[in-house]
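Here are some notes to read alongside the model. Please keep the sequence open as you go through the points.

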Amino acid sequence: MNDQTDQNSQWPRPLAFVLGAGMARAAAQVGMIESLVGRGVRPDLVVGSSWGSVNAAALSTGVDQGVTGLRQFWLDLAVDRAWTSRFRGVIRALTPRRSEGSADIFREHLTSLLGDSNLDDAPVRACCVATDLVSGVAVELSTGRAVDAVMASAAVPLLLPPVVSGDQILADGGIVAPAPLRQAVALGARSVVLLDVGACGMAVDRARSLRWYEAGIAAYSDLLRSQADAESALIAERVPVVVISTPPGELMNFREADSAMSAGREAGVKLLDALSEGVDAPGLYGVCAGDQRSSGSRRLQSLREIDETASS
Amino acid sequence: MPSELVVPAPRPLGVRGSDGQWRIRDRLDPPVCFVMAGGGAHGAVQWGLLQALSETDIVPDSIIGTSVGALGGAIAAEDFGSAVNRLANVWAQLDLSRLLGEHWIGKRWMTAALSGSLADNEPERKALTEILSARTFSELTTPFAAVTTDVASGAARIHDSGDLIDALLASSAIPGLLPPVTVDGRPQMDGLASANLPARPAVDRGARTVIVLDTGSRPEPAADEIVESQSRLIGRVFSVMSTQQRRIQLHAAARDATVVVLPTPDDLGGTLDFRETMGSAAKSFALAREFLADLAGTSGKLEVGLHCRRDESVATALGEVKLWPVVAR
């Protein structure tokens, strides 16, 4: 099978692209989208959470235009030293006023990607999921300026400041919806591609030598992972959920966007090759991504027996 | 002004047997598993819940716990008959210095920034060996399991054999604060990162009825408190995540088993504040005792689904779970 193959007809419609949480690793979703578009697979709606919302918002302006813009966005962010400097990042994280500084940098990049586009009248229906820290539940943002929706949805604690909006304090959608599948189904999706960049896991030797704050970050991504896995298993009982995953990587390393995009593309192609039969019945479809996954990173497996169709 | 005393009335309503116990056990599908959640100093809530349960005829066929819930669970699994009295003794003496040492911040802050954990687990190891007589799982009289998070894979891991103290230390190794503990060659940390309330693992291990002993919560913060400081913000984020994880666990368990969620107080202090443990236990005893009396007042088998107070809509937001409200009278 090659990139000329059209695999657009093999999905129950409407088809949703769901772009999950993963901070810097969300760059890989751009490669995944390229692989899907290369086989003619186009979404009827897109749902993003956390940094996946950047990609969702861009796709809403039109798939082809969105993908081109996104590649540039992630490459620009990778070489913006004000953004990627670890030292400045730590200072911004520890001092609330400085994290407004991060917000300014991020907003600037977002604005050159999204302009003043609106989600209401977008060519592709889109929704960005944020967490309201007051009520503790997921909030779906599908109206208003795309930039504002992403600023709220991607406000990962310590990286970007939460957005106060009326009675709500909006932050990282990943806190309660790292894989916003139920939101996609609620919007009418009858099949879903989950662009999953939230894998966690590391070698045992690495796990032995974690610093105290690294252990805290690991716990955060473990909590995200256990939610995403439970959600995938649950929603896969209702509709086909096709999962494209990249292996675990650093959440905060924005410099490797280029190789992340290549890895995403590769993962997408591999999955689409395996999916030559198409999807119709509800279930979880995916390709086991090597050692990391088999070492147990599919979390809360016990919630539901997960049937991974590793047909490659 | 000091807060009001919490002292339950001597004989609440409900159907009691000749021995004075509320009869509930025959209406539960065996095996019955007690699920004990983590929560630091809020673990004292479970002492109050076990007090209330001791006024019923419910006895666990197995116990599973995470973090402080694993500690309480191990005490109960050693000798269920004396669990309430022994927990009273433990909670009367337990404080932060027993778990982290006397001067853990002062001694270590210079090296802490680059180390694997801010505190050491030797004080906790000492405390555990003083509290428990058992050293291995096989010495316990009720089958017991402790939940940890495998640091490398991030997955929940269930321990039910071998060294008990190591498993408990690992289960309560709060990420960043206490060091991971190596079990079978793999580092393990607090189960809070994967299954703080291990209700679904209990069902997977064969339980048909799950009695949930949670640890209560702090009051919901006002909006401006949340953004007051970075530490407040992070505290709120973890509490929202853990609430969401609890919903997922209860939902996943209540699809296939009878799940009884005992009510817990929602106005507790910090999870590392050991000064209010007596008060937490008194409040949870009062709440759970009324709940169990109301439950004893209903009739028939307790069916698959979530049995809880009406305001506990936690897991039903996810749909597909049968809700059996236990109405207060």
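1. Pro31(B) touches Asp61(B), Gly206(B), Ala207(B), Arg208(B) and Thr209(B), leaving aside residues up to four places away in sequence. Contact here means heavy atoms within 4.5 Å. The C-alpha atoms of Pro31(B) and Val210(B) are separated by 8.6 Å, although the two residues are 179 residues apart along the chain.

2. Pro31(B) lies in the segment before β1 (32–36) of chain B. Its relative accessible area is 35%, so Pro31(B) is partly exposed (buried means under 20% relative accessible area, exposed over 50%, partly exposed in between, with a 1.4 Å probe and protein chains only).

3. This is a predicted model, in which local features need pLDDT of at least 70, side-chain atom pairs count only at pLDDT 80 or more, and totals for chains, interfaces and linings use all residues. Residues are numbered from 1 along each chain as its sequence is written, chains are lettered from A and ligands numbered from 1 in the order in which they are written, and side-chain values use heavy atoms, with hydrogens and water left out.

4. Chain A has twelve helices and nine strands (DSSP runs numbered from the N terminus: helices are H or I with at least four residues, strands E with at least two). Of the 312 residues in chain A, 59% are buried. Among contacts in chain A with a separation of 6 or more, 79% involve residues 24 or more positions apart.

5. How do α1(A) and α11(A) pack? Helix α1 (residues 27–38) of chain A meets helix α11 (residues 257–274) of chain A at an angle of about 40°, with the axes 6 Å apart. Axes are lines fitted to C-alpha atoms, for helices over the stretch in contact, and angles run from 0 to 180 degrees between N-to-C directions. The pair is therefore oblique (under 35 degrees is roughly parallel, over 145 roughly antiparallel, 65 to 115 roughly perpendicular, the rest oblique).

6. Residues of α1(A) in this contact include Ala27(A), Val30(A) and Leu36(A), and those of α11(A) include Ala257(A), Met261(A) and Leu272(A). The contact of α1(A) with α11(A) has ten nonpolar, four polar and two charged residues (Ala, Val, Leu, Ile, Met, Phe, Trp, Tyr, Cys and Pro count as nonpolar, Asp, Glu, Lys and Arg as charged, the others, Gly among them, as polar).

7. Helix α3 (residues 63–79) of chain A also meets α11(A): the axes come within 9 Å and cross at roughly 145°. Arg71(A), Trp74(A), Leu75(A) and Ala78(A) in α3(A) touch Ala257(A), Asp258(A) and Met261(A) in α11(A). This contact has five nonpolar, no polar and two charged residues.
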